[in-house]
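Hello,

Here is the structure we talked about. Please open it before you read on, and keep it beside the notes below.

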Amino acid sequence: MNQPTVSSSPYAHNNQNVRKVMLQVQIAAFPALLAHIYLFGFGIVIQWMLALTTALAVEYFMLKLRGRPVLPFITDMSALITITGLVFCIPPDAPWWIVVTGSAFALIFGKHLYGGLGYNPFNPAMLGYAFLLISFPVQMTQWTMPVEFTQHTLDFMQSAQYIFTGHIPDVSLDMYTGATPLNEMRTGLSQGQPITDTLSKDMQTTLGGLNSWAWINLAFLLGGLWMLYSGVISWQYPIGFLGTLAIISFVFNQVDPELYPPMDVVLLTGGTMLAAFFIITDPVTASTTPKGKLIYAAGIAVLVYVIRNWGAFPDGIAFAILLMNIAVPLIDQYTQPRVFGHKR
Amino acid sequence: MNLLSSVIKLVAKFNPAAKRWMHSFNGGVFPKYNKSLSASQPIRKQIIPERLILPLQQQVGLTPEVKVQVGDKVKKNQLLAQPSKDPFKALSVPVHAPTSGTIVAIEPVTLPHPSGLQDQAIILEPDGQDESIDNVLGVDGSIPDSPLALKAILLNAGIVGMGGAGFPTYAKIPNQAGKIHTLLINGAECEPFITCDDLLMQTQAGDIIQGALITAEALGAERIICGIESNKPAAIKAMKQAASNTKVEIKVVETVYPMGGQKQLTLELTGVEMPHKAHAVDVGMLMMNVATYAAIYHAVKFGEPLTSRLVTVSGLGLKQPYNMNVMMGTPFSALAREASPKSELNYPLVMGGPMMGFKVANNDVPVIKTTNCILANPPEPVEMQMPCIRCGDCMDACPVNLLPQQMYWHSQAHEFDKVEKLNVFDCIECGCCSYVCPSHIPLVQYYRHAKSEIKEIHAEREAVELAKQRHEFRLARIEREKQEREARLKAKKEAVKKQTSKSSEATADTTKKPASAAAAAAKAAAAKRAAAKTKTSQSEGQETNKVPSARMKAIEAAKQAAQKSAAEKTASQPEESKPKQADTKSAAKQAAMMAAKKRAQAKAQKSEEPTDLTQKTAETDASKKEDARKSAMQAAKAAAKKRAEAAKTKNKETESLSPDAATEKPETDSSGDKRKAAMEAAKAAAKKRAAAKSQNSDKTEEQIKPVDTSAEQTETDTSVDKRKAAMEAARKRAAERKAKQQAEKQDSDEQQENPQ
Ligand code: SF4
Ligand code: SF4
């Protein structure tokens with residue numbers, strides 16, 4: 001970096017820094033983490049620790065390789081946010097190498113090869129997720145069944161055993177894994193079952209009227225609202241994304257409720273809330289102009305809906321985000337705000 | 001509105017960014033103001049330092065001329081330096097003595113300027129008496145009745161804008177009354193730490209209001225609006241009191257940095273968004289700082305020049321921050337010491353506030369007319385600069401609505417044209433973007449750098465553009481001249497054509513010539529012509545003045561030839577055909593000579609030997625044929641050689657017409673040239689004929705006539721053949737002529753080449 005040497009005004013700063021911002025994002029993810037542990041067991045903790053170890057190793061190695069000072073960059077916490085985003089997308093009891101390859105790929109190809117933090121055009125977490133989804137589709141779609149089906153979750157040791165060895169002695173694993181509701185809807189549809197049937201089947205096992213997925217999403221919403229309030233993220237992202245998704249799903253659901261899931265289901269399944277508050281708000285890869293942020297978020301929402309309903313993947317968030325990442329420079333260019341004293 | 005603002009205030013308690021909705025411009029920041037540090041203290045008594053350093057250059061513009069000498073005793077308010085040129089043309093203001101004393105030196109000192117440069121200054125050693133000259137400006141205390149009268153006083157008082165850049169105040173004021181309809185008083189003082197305007201408003205509210213009224217009266221302004229930030233309740237109260245029963249409106253504005261920015265405060269007070277690049281005067285508004293108005297009042301009422309000002313001495317490194325009415329020229333260090341620093345002042349002091357101020361190069365720099373604050377903040381550990389994470393915080397904070405992150409990105413990549421497109425020149429360098437950047441990027445520094453780079457690039461580009469324009473102008477002139485020449489040539493040709501058509505029958509008599517020879521001559525001529533084409537651009541210039549000289553040559557040659565030919569007509573032939581040497585230059589010259597001779601012979605024969613003209617022409621025709629071919633060939637060779645040489649040195653356009661191509665092509669593309677040549681030949685023939693007609697009388701006419709009539713009547717094969725023959729003859733002649741021309745051209749070219 002060719003930074004000028006003479007320091008000049010301003011000599012004041014609001015004491016914000018990248019680390020603090022990233023830390024706030026991390027804290028905001030805690031409610032969802034807790035909910036996840038409660039509903040799906042300790043799998044996610046193991047996955048998270050695996051990812052963290054991988055991230056530290058990869059960061060250290062890559063920074064050394066790139067000749068960058070290790071300490072300030074390894075502590076900028078951006079890798080932490082990346083792996084947190086990724087871990088929430090991985091089945092909690094997926095084999096250990098899934099998360100390791102995923103995080104390594106995300107950090108190396110998603111960030112460092114582009115020049116590190118701030119230079120990557122694609123969301124690293126989503127790049128890693130997309131990579132895993134394409135490379136290991138079977139492992140990536142076998143989700144741990146939530147607690148309402150299994151009545152109890154695997155404990156820490158069992159999860160660890162399962163993740164590392166692929167089996168747990170004396171436990172029938174069929175009971176613990178299955179498809180996500182989004183997947184079920186999709187298979188249901190392909191077998192001629194209307195959405196409403198699939199959903200009502202799901203609804204038999206609920207927790208306070210909502211299924212586990214909805215709970216996780218609500219936990220994300222909670223953390224997201226806190227971030228909004230503390231000014232860590234711009235309002236345009238969640239409003240643009242959730243607003244657009246709500247409108248589209250409402251309209252299509254009105255057109256044909258048999259074929260298109262209702263609005264609340266769309267908003268509270270899969271990674272909707274995770275994306276709205278934690279993934280698309282990654283500023284590096286998002287549009288930066290005020291209008292651009294809205295357009296970017298809305299664009300992702302449209303793509304997500306399209307991929308979910310007509311595409312080949314049950315949850316299209318990763319691809320939607322990556323696609324919109326490509327469009328960011330264009331969006332930025334056409335949404336420049338009017339400069340003071342200038343005419344449009 | 002009230003409900004809305006209270007709701008916003010409620011929201012702002014949770015999210016400070018909501019405060020941004022309260023003011024009319026975008027963004028802004030809410031730094032820690034730290035104003036109470038100095039505002040809570042009463043104004044201190046003036047100190048008289050040991051030395052006063054009075055830089056001649058205290059403002060934007062030219063340096064005034066020193067009017068005193070070392071050793072002079074001066075009194076307070078005495079004029080020390082005065083603009084040397086007409087200050088209404090070149091910005092400059094005088095300097096006055098802040099106190100009585102002796103001039104001890106006039107020497108360069110370090111200026112309180114971001115550059116840290118040195119410049120001449122008058123050093124005054126106070127005598128402590130503080131004797132003053134009253135009403136040094138000689139005013140009568142009445143309100144100036146015209147802007148010009150006011151401007152004169154302000155100029156003589158040396159008043160400059162006391163809030164910021166220090167633009168001479170007189171220069172801000174338009175010359176005609178009525179141009180300014182709204183006078184704005186800037187009492188916002190939005191920078192942290194600074195409280196001098198606050199205290200000035202508290203203590204001299206009357207002076208400020210009076211100053212504004214005087215200015216408004218002189219300029220014919222109808223409205224006076226004063227904007228004060230809401231965090232100065234005491235100042236607001238004092239100003240409201242002073243403004244009661246006057247037309248001055250006091251408006252309380254939100255406390256947000258940079259509310260005190262000229263464009264920002266104008267928008268807030270009047271709702272007018274000053275257009276890009278326009279000055280406040282262009283929209284009928286004039287904004288000045290409260291301190292400037294007070295100075296105006298003192299100048300107009302009491303004839304006092306600007307020799308002292310209220311300065312805030314504050315900062316986290318001082319135990320007792322204060323405000324003081326400081327003499328211009330007081331060193332920063334002396335003032336900072338008065339505030340009992342917490343630790344030794346081994347760090348640079350800052351002139352101005354923390355947001356837009358700058359570190360001085362030397363703590364002994366003097367207070368100047370634009371010094372509003374001396375800041376002593378001990379250095380803090382700087383956070384490491386991280387890469388931009390495109391968070392957009394800077395954009396949300398920018399009061400001008402720029403895209404700081406994009407400008408940073410492109411500045412860093414040295415894509416200054418893109419930075420300029422992002423309107424970097426609208427950046428007021430307020431520092432809001434740097435203030436909020438979580439990556440701690442010194443954004444403003446990048447923009448300053450980019451601005452100076454862009455200015456440099458523009459200067460360079462302008463220089464290049466100028467050179468280019470000059471070059472293009474030259475090319476255009478050359479082109480124009482060429483076209484004019486061509487036009488003249490064309491006109492001539494047209495005239496010739498008419499003649500030719502008249503006498504086309506006449507060519508019939510120069511018939512029996514071997515076709516092969518004609519063809520060869522034509523070829524050679526064509527080749528030459530093609531070659532000549534490449535040279536036209538240079539040679540055409542000479543063509544016009546060549547004609548007479550060629551004729552002169554011809555005439556001279558003709559005289560000689562006439563004598564010669566009279567004596568030994570036939571002998572000339574072998575002699576002339578001799579020079580077959582490879583030395584093409586001399587050959588060309590000889591060819592030219594020969595051609596000239598021949599022409600001369602023809603002429604001479606015509607004039608001197610009228611009786612056997614036909615015979616002679618026949619003879620000369622024969623010889624001419626031969627000679628022409630030779631000379632043409634030689635000339636062509638020479639031309640080819642030349643061209644080869646020229647192609648090396650000259651531009652690519654000539655290269656494309658390289659010798660090979662030129663010699664291969666001529667048959668096809670020289671048809672136009674041939675026609676030209678034919679016409680010329682026809683003209684020559686016509687001339688001859690005319691001569692023959694007049695001199696040979698009926699006989700020849702009778703001989704020709706039958707041929708003519710037959711040709712005209714029948715138009716059969718014979719006529720066609722004849723015409724062909726005529727054409728060939730014409731061609732030959734043309735070739736001959738061309739050879740001559742070519743040879744001449746080469747001569748002249750040779751002469752021309754060296755100077756080129
Ligand atoms: S310094 Fe320039 S770019 Fe930065 S906030 Fe101020 S006006 Fe905007
Ligand atoms: S505030 Fe700093 S990190 Fe954020 S976008 Fe602006 S320059 Fe980049």
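This is a predicted model: local features need pLDDT of at least 70, side-chain atom pairs count only at pLDDT 80 or more; totals for chains, interfaces and linings use all residues.

**The two ligands**

Ligand 2 has 13 residues around it. Here the closest are C388(B), C391(B), G392(B), C394(B) and C437(B). Sorted by class, the shell of ligand 2 holds eight nonpolar, three polar and two charged residues.

**Chain B as a whole**

Chain B has 756 residues, and 50% of them count as buried. Its secondary structure comprises 23 helices and 17 strands. Take the contacts in chain B with a separation of 6 or more: 74% of them join residues 24 or more positions apart.

**Helix pairs in chain A**

Two packed helices are described by the angle between their axes and the distance between the axes. Two pairs in chain A are worth a look.

Start with α1 (residues 18-28) and α13 (residues 212-229) of chain A. They pack at an angle of about 150°, and their axes are 8 Å apart. Angles over 145 degrees count as roughly antiparallel, so α1(A) and α13(A) are roughly antiparallel to each other. On the α1(A) side, the contact uses Q24(A), V25(A), I27(A) and A28(A). G223(A), W226(A) and M227(A) come from α13(A). Five residues of this contact are nonpolar, two are polar and none is charged.

Next, α5 (residues 78-87) and α6 (residues 96-110) of chain A. Their angle is about 135°, with the axes 10 Å apart. α5(A) and α6(A) are therefore oblique to each other. Their crossing is right-handed. From α5(A), the contact draws on A79(A), T82(A), I83(A), L86(A) and V87(A). From α6(A), it takes V99(A), G102(A), S103(A), A106(A) and L107(A). The contact of α5(A) with α6(A) has seven nonpolar residues, three polar and no charged.

**An enclosed helix**

How many of the eight residues of α16 (residues 272-279) of chain A are buried? Eight of the eight are, so α16(A) is largely enclosed by the rest of the structure. The buried residues are T272(A), M273(A), L274(A), A275(A), A276(A), F277(A), F278(A) and I279(A).

Best wishes

Methods
Residues are numbered from 1 along each chain as its sequence is written. Chains are lettered from A and ligands numbered from 1 in the order in which they are written. Side-chain values use heavy atoms; hydrogens and water are left out. Axes are lines fitted to C-alpha atoms, for helices over the stretch in contact, and angles run from 0 to 180 degrees between N-to-C directions. Helices (H or I, at least four residues) and strands (E, at least two) are DSSP runs, numbered from the N terminus. Angles under 35 degrees count as roughly parallel, over 145 as roughly antiparallel, 65 to 115 as roughly perpendicular and the rest as oblique. A crossing is left-handed if the near helix is turned anticlockwise from the far one by less than a right angle, and right-handed if clockwise. Contact means heavy atoms within 4.5 Å. Ala, Val, Leu, Ile, Met, Phe, Trp, Tyr, Cys and Pro count as nonpolar, Asp, Glu, Lys and Arg as charged, and the others, Gly among them, as polar. Buried means under 20% relative accessible area, exposed over 50%, partly exposed in between (1.4 Å probe, protein chains only). A residue is near a molecule or strand if one of its heavy atoms lies within 4 Å of it.
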